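The stops below concern aromatic rings and their surroundings.

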Amino acid sequence: MKAFKAALAASLFFGGAFATASQAMAEWPERAVTVIVPWAAGGGTDATARAVAQKLEERFGQPFNVVNRTGGGGLVGHITIANSAPDGYTLGVITIETTMFEAQGLPGAAPENFTLLGRFNADAIGINVRADAPYENARDLIDAVQANPGQLKASGANQGGLSHLAWAGLLNRLEIDPQAGPWVASDGSAPAMQQLAANAIAIVSTSPAEAQSLVDAGEAKTLMLMADERSSLYPDIPTVEEALGVDWSPLPFRGVAGPAGLPEEVVTKVSDALAEITQDEEFIAMMESRGFSVAYQDAETFTQTVMRSRDDLVSAMQAVGLAQ
């Protein structure tokens, strides 16, 4: 009897210990989670990150506190995420810049430094020209670039920024020297669109949302999107494959990630939560009101997308001499 009681007590102890451990695992998060945003407050990444954080709070019942860590063209915030403890209590929103840092000689924020949990947004870059430009479609524009090398200047961001690499990479993919459509650095898409309206440049590489005001005013038109599928927000704009017959889709993405080595439980829970959030009507309405698409990918698919984006953008950087 004593032996039986001892065995029973041991069974209850270990069973209780196992249940407590399982319960602790199942209860993530047990406290507030910090969400690092590598870009400034008030910008698009910050706004969308806060919307996601709010929805995560609703689903998990714990605060998801957004903290902006800016500097170095996004490098500071991305490294902050990568260097945090892999316990699920520091996550972040990463952007496509993480695919480019390493090739620029900036270690510590490459895709391998993260556990990618899921994508919630991806907006294609469009090729925009003046409304009165003599190009009916993207093929007409590319033919003009080839026929007049160096004459049709493009802009949309700084030298080496994503808009620049999207345009240069497109020409490179078409086996055209990127210098045939030389890049004019600008402080962003808004001043570039004004240069386009003033006929100072011929092409602007930027998102349709950034071009929309001039398109609506009848001063610009978007010839195509550098994406592998049409946008639900701009369904009439053809993809690059439809327009030019090549695969080139350097989509600026926003996704949730943590440091490398996150527990599988966190990966599954956050990825599943993002799947639900991106079906939430309130979230979709908020995103669309700001001109952002909702484009969910689970952890595995998002990881594949990021790796492919890195390969594409590094090739573009090499083509314009920006990769080390």
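Select Tyr89 to begin: this residue is buried, with a relative accessible area of 11% (buried means under 20% relative accessible area, exposed over 50%, partly exposed in between, with a 1.4 Å probe and protein chains only). The model is predicted, so local features need pLDDT of at least 70 and side-chain atom pairs count only at pLDDT 80 or more, while totals for chains, interfaces and linings use all residues. Residues are numbered from 1 along each chain as its sequence is written, and side-chain values use heavy atoms, with hydrogens and water left out.

The charged end of Arg31 sits over the ring of Tyr89, 3.8 Å from its centre (the criterion is NZ of Lys or CZ of Arg within 6 Å of the ring centre and within 35 degrees of the ring normal).

Now select Trp28, which is buried, with a relative accessible area of 5%. The ring centres of Trp28 and Tyr89 are 6.4 Å apart and the planes stand at 55 degrees, so this pair is tilted. Rings of Phe, Tyr and Trp (its six-membered ring) pair if their centres lie within 6.5 Å; planes under 30 degrees apart count as stacked, over 60 as edge-to-face and the rest as tilted.

Finally, display Phe60 and Phe64 as well: Trp28, Phe60, Phe64 and Tyr89 form one aromatic cluster. The count of aromatic pairs comes to 4. One of them joins Trp28 and Phe60 edge-to-face, 5.4 Å centre to centre with 70 degrees between the planes.
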